[in-house]
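Dear colleague,

Please find below the structure that I am handing over to you.

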Number of protein chains: 4
Amino acid sequence: MRSTEGPDGPGSADDTDTADGIVPHPTGPRSQRVHQAVLTATKELLTEGGYPAATVDAIAARSGVSKATIYKHWPSRAAVAAKAFGELMARALPLPDTGTAVGDLTEQVVRVSAFYASPLGEVFAQLTAACVDDPAGAAYFREYFLAGRRRAVTELWQRAVDRGEADAGIVVDDVIDILFGPLIFRRLTGHRELTDEHARTLVATALRGLLPDASRPQH
Amino acid sequence: MRSTEGPDGPGSADDTDTADGIVPHPTGPRSQRVHQAVLTATKELLTEGGYPAATVDAIAARSGVSKATIYKHWPSRAAVAAKAFGELMARALPLPDTGTAVGDLTEQVVRVSAFYASPLGEVFAQLTAACVDDPAGAAYFREYFLAGRRRAVTELWQRAVDRGEADAGIVVDDVIDILFGPLIFRRLTGHRELTDEHARTLVATALRGLLPDASRPQH
Amino acid sequence: MRSTEGPDGPGSADDTDTADGIVPHPTGPRSQRVHQAVLTATKELLTEGGYPAATVDAIAARSGVSKATIYKHWPSRAAVAAKAFGELMARALPLPDTGTAVGDLTEQVVRVSAFYASPLGEVFAQLTAACVDDPAGAAYFREYFLAGRRRAVTELWQRAVDRGEADAGIVVDDVIDILFGPLIFRRLTGHRELTDEHARTLVATALRGLLPDASRPQH
Amino acid sequence: MRSTEGPDGPGSADDTDTADGIVPHPTGPRSQRVHQAVLTATKELLTEGGYPAATVDAIAARSGVSKATIYKHWPSRAAVAAKAFGELMARALPLPDTGTAVGDLTEQVVRVSAFYASPLGEVFAQLTAACVDDPAGAAYFREYFLAGRRRAVTELWQRAVDRGEADAGIVVDDVIDILFGPLIFRRLTGHRELTDEHARTLVATALRGLLPDASRPQH
DNA sequence: CTCTAAACGAGACGGTACGTCACGTCTTCGG
DNA sequence: CCGAAGACGTGACGTACCGTCTCGTTTAGAG
């Protein structure tokens with residue numbers, strides 16, 4: 001168990017532990033150096049050439065960390081990439097604060113949409129795809145993306161509830177699925193463009209369904 | 001161009017041509033045999049072992065069609081699989097007719113959800129993932145899945161509009177994204193279960209946003 | 001069977017088939033090119049850096065033949081090296097013809113001893129060692145070395161018998177073992193030097209045991 | 001130099017120092033425990049799974065001695081194995097005493113042949129092979145095997161000389177090479193079986209060459 | 001009923017990356 | 001200060017599947 005998981009694998013951080021049974025082990029200074037070097041190299045490679053460029057060999061070469069060691073820290077290539085990309089993405093999407101629930105959620109969806117439409121959005125899609133056939137990587141993916149998204153939306157939704165704009169009875173996970181599912185669907189299948197306008201339309205419609213009548217945006 | 005596309009590649013059929021510039025070439029009897037043999041073999045392999053099992057070598061071996069010939073008919077492995085799986089899926093999802101727009105759309109979403117949750121749903125996810133890095137395959141994917149889904153929803157939505165239950169001003173593509181995006185999101189990331197109950201909750205919320213006040217389901 | 005053996009694996013050549021069950025398959029022009037390229041590259045690498053240098057990766061790189069293809073032609077690295085080195089060695093050791101059995105056999109042993117003492121002798125030792133843990137390679141080794149040696153000694157021994165110098169009742173394999181075993185023993189273990197003088201002493205003693213009294217060399 | 005050699009490396013014991021420049025360092029009680037634990041573990045591993053099983057990691061794990069410590073006592077894996085196997089072999093081959101030189105030497109060769117043919121013979125071959133590319137290990141190999149063999153044969157040969165059966169002018173090393181070289185040759189290359197009968201034939205022929213006419217066995 | 005041009009089966013091939021193994025070194029910390 | 005524990009770099013391994021290619025062999029359909 002611990003031998004196949006890195007010092008801060010999915011779920012190690014805190015309450016967001018996704019119950020994948022992944023537990024960290026005590027980290028020495030050596031491990032930290034390795035850990036950071038790998039993630040830094042991976043971020044660079046992902047940025048430069050997307051997921052296909054983030055070969056384990058390439059990561060090893062650039063980071064100066066051997067393949068064998070990489071595989072001691074992470075269960076698969078997808079896991080490394082998920083962790084690295086998670087760190088990349090976190091910075092790109094700060095929480096908005098427009099003063100209203102509708103405004104905040106709309107803004108957040110638009111930002112995420114824009115992110116998906118950017119070059120890094122391509123990487124996101126590749127990573128999502130890679131995790132479909134890699135359960136180990138998927139655990140990391142869930143921890144480093146979805147958990148992050150979830151925390152953000154939970155925060156915003158809670159604000160809305162506190163302000164009386166939203167119905168406290170709605171499960172946050174449903175909010176997430178309805179707000180972001182459509183974006184991800186488009187991004188992955190490429191069947192339609194991801195523009196801000198599209199995003200605003202989607203979020204407006206979704207919020208009409210999610211919010212109580214008084215708070216709902218109109219068509 | 002045409003030399004890399006099969007006799008009935010995406011867009012070859014009719015008005016659903018997705019403008020990917022894919023055009024078929026005249027088909028002889030030989031081609032038809034080959035075509036069918038490949039698809040049949042691929043369907044079997046997909047059913048038995050999912051996308052990973054549908055290796056081009058495996059398809060060639062089982063169908064008796066050589067790899068070179070397969071690549072004369074389809075641009076990539078993903079394309080073959082998309083076409084084959086499209087045929088598999090079509091049968092599994094007939095149009096519902098409950099008498100109401102809300103009922104029809106709900107039923108359709110629930111059926112699709114159940115399909116995604118079934119073993120074939122796994123294949124669907126794999127296929128979606130495979131097309132992320134394969135533009136050629138993606139064209140087939142869009143033609144053989146999304147187009148099919150789109151036609152079905154368009155039909156249902158039109159019924160709703162005709163019955164005065166739905167607002168004719170809403171773009172069908174948005175309906176599709178909002179109804180199915182969340183399902184696909186869950187299926188691909190595996191972050192939550194796909195149960196009928198979840199599906200009903202999602203569709204109810206989505207329809208509250210999509211339908212005019214008079215037709216909307218309540219929380 | 002055939003799929004793992006190259007066009008002229010051990011035993012394919014003729015009557016010397018060592019009964020390892022290795023059978024060649026019909027060779028196309030592609031295979032021939034590959035085959036030759038690999039052997040040429042391997043010979044160069046063996047000559048330059050010995051067996052350790054004849055990495056499969058290195059062979060692939062230098063020959064322009066991919067690793068996968070190499071493994072389609074030979075069962076292991078040792079097998080490739082054995083075949084290649086066999087060709088190298090064959091040229092280095094022509095049959096002597098001094099006019100007498102004692103002279104011919106002595107000369108042959110001295111030449112082999114000198115070969116073992118040369119840089120290529122090091123490669124020979126490495127190859128022998130490599131085959132200890134590689135049954136597949138060992139089959140090639142036996143075919144391409146021992147068979148070659150055996151043919152040579154058989155020829156010389158037969159001459160001796162024909163001239164009435166040697167006893168027809170002695171099994172050639174015993175002759176080989178007694179004449180060359182000591183040399184190989186020394187070369188492998190490095191416990192003593194391999195000089196011409198040592199070789200002559202050994203062969204003289206051995207022949208005293210092998211030949212009838214009349215033909216025997218004296219101490 | 002000494003830092004890489006154990007407390008009783010090759011040549012440390014006595015006059016049989018093979019001039020490889022290997023010198024022991026003073027041994028404390030800790031070292032002794034470590035030393036013995038390692039050798040015991042190695043013997044077990046060699047017996048159970050041959051040389052391939054006697055991984056340094058495996059030895060460390062089983063003996064409770066760390067890898068770093070092992071490398072303080074021996075220069076390489078092969079060296080540890082050589083020392084350990086030397087102790088295993090010593091017990092298996094006591095000196096014969098049949099009353100005649102011919103009898104003793106024959107018996108000794110037959111016993112060694114039987115040993116080579118046994119499971120431990122496989123290990124012997126692997127060890128010999130391993131030392132080809134490991135000069136440091138080779139030094140140990142020579143000390144713990146060849147020296148042992150040499151002492152035994154020297155003893156037997158001396159008896160023969162004392163009894164007037166053997167010629168005092170023959171170098172013992174030549175005797176060794178001629179008697180055992182053929183066996184080792186067969187064992188390593190696997191080109192022929194190692195049976196008692198073969199061994200007797202070989203030794204008879206060899207002795208015909210080695211012994212004065214009066215003592216020689218006949219064909 | 002040929003005869004030619006295309007379609008085809010078979011499968012070799014180069015390429016790229018995978019994940020694994022064991023060696024021997026080096027670091028950390030406990031007794 | 002020695003030694004246990006074990007992380008680490010290194011270098012090679014053998015495998016998998018992709019998509020391309022070359023070879024002969026069918027097989028149509030035109031003349």
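I begin with the interface of chain B and chain A, across which the rule finds 20 residue pairs in polar contact, both residues being at pLDDT 80 or more. A polar contact is a pair of N or O atoms within 3.5 Å; within protein, one must be able to donate a hydrogen and the other to accept it, and residues adjacent in sequence count only if both atoms are side-chain atoms. The term pLDDT stands for the predictor's confidence in each residue, from 0 to 100.

Please note that this is a predicted model, in which local features need pLDDT of at least 70 and side-chain atom pairs count only at pLDDT 80 or more, whereas totals for chains, interfaces and linings use all residues. Residues are numbered from 1 along each chain as its sequence is written, chains are lettered from A and ligands numbered from 1 in the order in which they are written, and side-chain values use heavy atoms, with hydrogens and water left out.

Chain B and chain A

On the side of chain B that touches chain A, at least two residues each come from helix 6 (119-132), helix 7 (135-162), helix 8 (172-189) and helix 9 (196-210) of chain B. Helices here are DSSP runs (H or I, at least four residues), numbered from the N terminus. Helix 8 of chain B gives the most to this side, with 12 residues. By class, the side holds 17 nonpolar, 10 polar and 12 charged residues; Ala, Val, Leu, Ile, Met, Phe, Trp, Tyr, Cys and Pro count as nonpolar, Asp, Glu, Lys and Arg as charged, and the others, Gly among them, as polar.

In total, 39 residues of chain B are in contact (heavy atoms within 4.5 Å) with 39 residues of chain A. The area buried between the two chains is about 3,300 Å², and carbon and sulfur atoms give 62% of that area. Buried area is the accessible area (1.4 Å probe) that two parts lose on being put together, summed over both. Within chain B, the residues that lose the most area to chain A are B:Val132, B:Asp177 and B:Phe185, together 18% of what that side buries.

Between chain B and chain A the count is 8 salt bridges, a salt bridge being a side-chain nitrogen of Lys or Arg within 4 Å of a carboxyl oxygen of Asp or Glu. One of them joins B:Asp174 and A:Arg192, at 3.3 Å from N to O.

Chain D and chain C

For chain D and chain C, 39 residues of chain D are in contact with 39 residues of chain C. About 3,300 Å² is buried between them, with 62% given by carbon and sulfur atoms. In chain D, the greatest losses of area to chain C fall on D:Val132, D:Asp177 and D:Phe185, together 18% of what that side buries. The rule finds 8 salt bridges across this interface, and C:Arg192 forms a salt bridge with D:Asp174, with the closest N and O atoms 3.3 Å apart. Residue pairs in polar contact number 18 here.

A residue is near a strand if one of its heavy atoms lies within 4 Å of it. DNA strand F is surrounded by 34 residues, the closest being A:Ser66, B:Lys67, B:Tyr71, B:Arg77 and C:Tyr71. Sugar and phosphate make up 63% of the atoms of DNA strand F that come within 4 Å of the protein. For C:Val56, a backbone N or O atom is 3.1 Å from a phosphate oxygen of DNA strand F. Helix 1 of chain A gives the most to the surface near DNA strand F, with 4 residues.

The surface near DNA strand E has 12 nonpolar, 12 polar and 12 charged residues.

Confidence

Chain A has a mean pLDDT of 85, and 85% of its residues reach 70 or more. Over residues 1-7 of chain A the pLDDT is below 50, and it stays under 50 over residues 11-27 of chain A. Where pLDDT is low, the predicted coordinates should not be read in detail.

With kind regards
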